[in-house]
Amino acid sequence: MSRLFAHRTLINLPSSIDEIADRINDANEEISLCYSDNPNHSPKVWLEAPTCYSDPIYEPQVDEAIDLLDQMLGELRE
């Protein structure tokens with residue numbers, strides 16, 4: 001089972017979503033960006049990692065991945 005965190009709802013799914021996913025995975029091979037582009041719902045993105053990442057020892061890595069995601073999504077809005 002995976003741990004899901006950093007859910008974000010977007011107005012539109014960015015065309016660069018795969019590039020964003022690659023950058024997050026390059027920063028931490030265990031954390032991946034997932035997304036849903038269901039036409040009946042707003043696009044959503046979230047980070048996923050192995051369940052062990054719920055251990056507080058991984059909190060810095062999780063925080064870094066969340067910060068990177070928010071930074072890249074913020075750059076798209078500018």
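Apart from its neighbours within four places in sequence, alanine 49 is in contact with Ser2, Arg3, Phe5, Glu30 and Ile31, contact being defined as heavy atoms within 4.5 Å. The structure is a predicted model, in which local features need pLDDT of at least 70 and side-chain atom pairs count only at pLDDT 80 or more, whereas totals for chains, interfaces and linings use all residues. Residues are numbered from 1 along each chain as its sequence is written, and side-chain values use heavy atoms, with hydrogens and water left out.

Alanine 49 lies in strand 3, where helices (H or I, at least four residues) and strands (E, at least two) are DSSP runs numbered from the N terminus. Because its relative accessibility is 2%, alanine 49 counts as buried (buried means under 20% relative accessible area, exposed over 50% and partly exposed in between, with a 1.4 Å probe and protein chains only). Between the C-alpha atoms of alanine 49 and valine 62, which are 13 residues apart in sequence, the distance is 8.8 Å. Phenylalanine 5, when its neighbours within four places in sequence are left aside, is in contact with Ile31, Trp46, Leu47, Glu48, Ala49, Val62 and Ile66.

Phe5 is also among the residues with the most contacts inside the largest nonpolar core, which has 20 residues; the others are Ile20, Ile24, Ile31, Leu33, Leu47 and Leu69. Such a core is a set of buried Ala, Val, Leu, Ile, Met, Phe, Trp, Tyr and Cys residues joined through side-chain atoms within 4.5 Å. Two or more residues of this core come from each of strand 1 (2-9), helix 1, strand 3 and helix 2, and helix 2 gives the most, with seven residues.

In helix 1 (residues 17-27), the buried residues are Ile17, Ile20, Ala21 and Ile24; they cover an arc of only 100° around the axis and therefore lie on the same side of helix 1, the arc being that of the directions from the helix axis to the C-beta atoms. Their cover includes strand 2 (32-36), strand 3 (44-50) and helix 2 (59-77), while the face turned away from the buried side carries the exposed residues Glu19 and Asp26.

The axes of helix 1 and helix 2 come within 10 Å and cross at roughly 155°, so that helix 1 is roughly antiparallel to helix 2. Axes are lines fitted to C-alpha atoms, for helices over the stretch in contact, with angles running from 0 to 180 degrees between N-to-C directions; angles under 35 degrees count as roughly parallel, over 145 as roughly antiparallel, 65 to 115 as roughly perpendicular and the rest as oblique. Ile20, Arg23, Ile24 and Ala27 of helix 1 make the contact with Leu68, Leu69, Met72, Leu73, Glu75 and Leu76 of helix 2.
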